[in-house]
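Me: I am new to this structure. Could you walk me through how to read its features?

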Amino acid sequence: MSESENTDQQRRTHKNDKLKMYYQSQEAGASALDIDGSKFQADDFIRKLKQEKNLEELMDTEHDMVRQIRTLDSEMQTLVYENYNKFISATDTIRTMKRDFHKMEDEMEKLTINVSSVSNLSAEINDAMHTNRQKIQKLSGVHSLLKKLQFLFELPTRLNRCLETKSYAAAVTYYTRTRSVLTRYQHMESFSGIQKDCVEIMDKVIAKLKQVFHDKDSTPHQLAQCVELLLRVGEPAESLCDDYLDHTKVKLNEDLQVLESYLSNEYIVRRTLNFDENRSLDGNEDQKEDNPQLLIDVLEFVDRGSNGFLSNLSLTIAPYENLFVSQTKLLSQSFAIETNQISTDISSSLSKVAADKLSTFADEQLQQYFTLVGKRLTYEKATNDNALLVRSLDRFYRRLQATKNLLPSIDVMTASCEIVTSSAKSRCEHYSVALQQFFTACLTDARHVIASAKSTSKQSSVNMLELVNTTASSILNQVKSVLADVQLFTAQDINFSSLPFFRREFPCKWVREGVIVNFIRYLCKTMATFCDPPRLISGKTTAASPALLLLLSRVCKDFQLSTVAYILTLTDEQFGISDRDKVTSGTELTAQVGEVAQKLLETYVKQCGQSVSRMLRTSVETRDWARSVEPRQVRAVMRRVVEEISHIDAQVGSLYEEGLRKSHSSDSSRRNYHQVASISRQRERGRWGNYAQSSNLDNSLMSNIQKLFSERVDVFGPVEFSRMSVLTGVVKIALKTFLECVRLRTFGKFGLQQLQVDSYYLQMYLWKFVSDENIISFMLDEVMASGIHRCIDPVRMEQSVIEVICERG
């Protein structure tokens, strides 16, 4: 090494030492105290421990370090032992491999020697046989030709033997193997005779095959075998297609006839007779079916159709496609090879014709099957077992899906979907009508309960609230039952529920709108008819009783407050109907039900008012007020009026809350009879007495002045859903009628006094039924003013006498 090189080496070493010193100084500060680091300084570590920890902590640190040292020693020993065992195992493996490789080298040397010997021996044989190879090949060809000629000469005998033993497949195989040779050399006399004999024998074989083919008792396997053999011998594929389909059509028609027999009139009569005989033998006439004309239910009908007709149709389709659609091409190509012809276009045409024939045939048969199934499903429109119908439709749909996989060229699913959707629509229509009929039956039951209580004079004993709850809960439970039945069409385990119809149109249009919304509207329409004026039918007046009107108004009110919203929400949740799918909003239906409830309550008020008005009008019109005797008691009709209004109050109070009453004066706030009497006495002196004492004034002028200071009473104003509001409306109608009747009569002295007694009696008892007692005062003031105006000799009765008479009354 030169001096310059030594100098460069020293320079590089010096630089490296400086770099190492630099980085060591960087690491020293970080790892000098790290017991696991490579630059650990034990003295510094001990010094730091002594400075930072006391004696007890130092002893704990010592114990911890001793424990870690022992652990590390144990792990190191284990690691050494494991590596030692691995080293020993590897050494043994290498030693074994060396020994095996030595044996393989010896065997490979022997194999090389043997291969060389074989190669030398083969070369010697080739050299020796080179001169005779062509002769041997020629002799082999001659031998093969002689064997073929021998087979041709023995072919008629072989075919006859196959014909006798019914080995038609072997006969067809022998003939197809030799057909091309016989055709090629048919100009030679010897081959011409053989061909003639073979054709005659094969004609007999073909006749036997056709005989088996046309036998109605032949199995599908036998039919398939016959068709395959006939196609191989060159029979026209089109005629075989027609014959095959005609043969299977007989069996399919038998299956359809069996299904149709369940729907025939003769079968229905026979089923009915058998049902009557069984019922008479059992002696149990209560177990009568709703529809005894059908021997089997719809599920069994579908099962028989699937296991019979569809199974046979599937057994027809699969072999047909295998024979005429798939194998026709192969047989045509084989025949073309035998005859040295190109028939690719012909085979394609035959396959297409065969497929078209199958599609036409299957479509015709399926249409007949769909017609029978549709006819059978029409009997299920009014069935009560919707689960059985849904299972039947699901099984029908599933089986047709399997048929579609066998014959995809036919649109099977469109017709099946139409049948399923049509059945679902029919069920919705049935449930819509059934809900309407159930609601009508509930109304009829309610009317009967009310009518029976009225006929037995126990109308007051009818619990109206219980009747309302029973009617409303029955309707709601029926709606829930209908929703549960209809929901079966959209269950996840039902195969056809994945159709778009059952995802979108069915829940929204047919369930929500067709069943639920249609029922709510029918409910409103039916209840609104009770508000119509009475009609004369067959000499009888048809009108709803007031109790029924009150009952229906409460039912409608409950529907408006909660039931309608609950039913719509339940429907939307069960069928997954979103807001964008809804057609009719719940607000619209709730408002419609509320309008009907209001109308029913107003009609109730009107009828009750008219009922009380008739009593008052009759009592006024049938009495001669001008010749009345001096009053000694309250007329009985007034007591009946108070009793009737008390009964109406009890009836309304059982269904509606009290309602708001206007603030009363300090006198009228207490319901004491004597206080009411004193108040009435003051009013009598202040109002009615003035009319009698001011005889010099014009009565009409006084009446008009009185009206100027009175508030206008709206007789037919809006009615609220409260007891006070309803009774106020009834009282106003009754007193308005009383007023109008008084205006049409002429009163004498005692007639006016009797009117004074009756008015005071009404005021005593009617003020507590109205929301504002001033209404009673104002209207009775007008009654007395009209009576004084129509009186010949207006003389007032003493107030004390009126009070005595009313107390006795």
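Reply: Start with cysteine 608. Cysteine 608 is buried, because its relative accessible area is 4% and buried means under 20%, exposed over 50% and partly exposed in between (1.4 Å probe, protein chains only). Keep in mind that this is a predicted model: local features need pLDDT of at least 70, side-chain atom pairs count only at pLDDT 80 or more, and totals for chains, interfaces and linings use all residues. Residues are numbered from 1 along each chain as its sequence is written, and side-chain values use heavy atoms, with hydrogens and water left out.

Me: Where does cysteine 608 lie, and which residues does it touch?

Reply: Helices are DSSP runs of H or I with at least four residues, and strands are runs of E with at least two, numbered from the N terminus. Cysteine 608 sits in helix 17, residues 586-621. Contact means heavy atoms within 4.5 Å. Setting aside residues up to four places away in sequence, cysteine 608 touches Pro546, Ile648 and Val730. Sequence distance and space can also be set side by side: cysteine 608 and leucine 727 are 119 residues apart in sequence and 9.3 Å apart in space, C-alpha to C-alpha.

Me: How do I read a nonpolar core?

Reply: In soluble globular proteins, nonpolar side chains tend to be buried together. A nonpolar core is a set of buried Ala, Val, Leu, Ile, Met, Phe, Trp, Tyr and Cys residues joined through side-chain atoms within 4.5 Å. Here the largest one has 181 residues, and Phe496 and Phe506 touch the most other members. Helix 13 (residues 412-455) gives the most to this core, with 16 residues.

Me: Which residues is phenylalanine 506 in contact with?

Reply: Leave aside its neighbours within four places in sequence. Phenylalanine 506 then contacts Ala424, Cys428, Val486, Phe489, Thr490, Phe501, Val511 and Phe575.

Me: And what about threonine 526?

Reply: Threonine 526 is in helix 15. Threonine 526 is buried because its relative accessible area is 15%. Not counting residues up to four places away in sequence, threonine 526 touches Phe439 and Leu443.

Me: How do I read a salt bridge?

Reply: Side chains of opposite charge can pair when their charged atoms come close. The cut-off: a side-chain nitrogen of Lys or Arg within 4 Å of a carboxyl oxygen of Asp or Glu. The whole structure holds 20 salt bridges. One of them joins lysine 509 to glutamate 505, with the closest N and O atoms 3.8 Å apart. Both lie in helix 15 (residues 500-529), four residues apart, about one turn of the helix. Lysine 509 is partly exposed, at 47% relative accessible area, and glutamate 505 is partly exposed, at 32%.

Me: Are arginine 554 and aspartate 558 buried or exposed?

Reply: Arginine 554 counts as buried, because its relative accessibility is 18%. Aspartate 558 also counts as buried, at 18%. They form a salt bridge, the closest N and O atoms being 3.0 Å apart. Both lie in helix 16 (residues 546-575), four residues apart, about one turn of the helix.

Me: Which salt bridge links distant parts of the chain?

Reply: Look at arginine 723 and aspartate 649, whose side chains meet in a salt bridge (2.0 Å, N to O). This pair links distant parts of the chain: arginine 723 is in helix 21 (residues 723-743) and aspartate 649 in helix 18 (residues 636-653), 74 residues apart. Both arginine 723 and aspartate 649 are buried.

Me: Which residues are linked in a network of salt bridges?

Reply: The network links Lys736, Glu740, Arg743 and Glu782.
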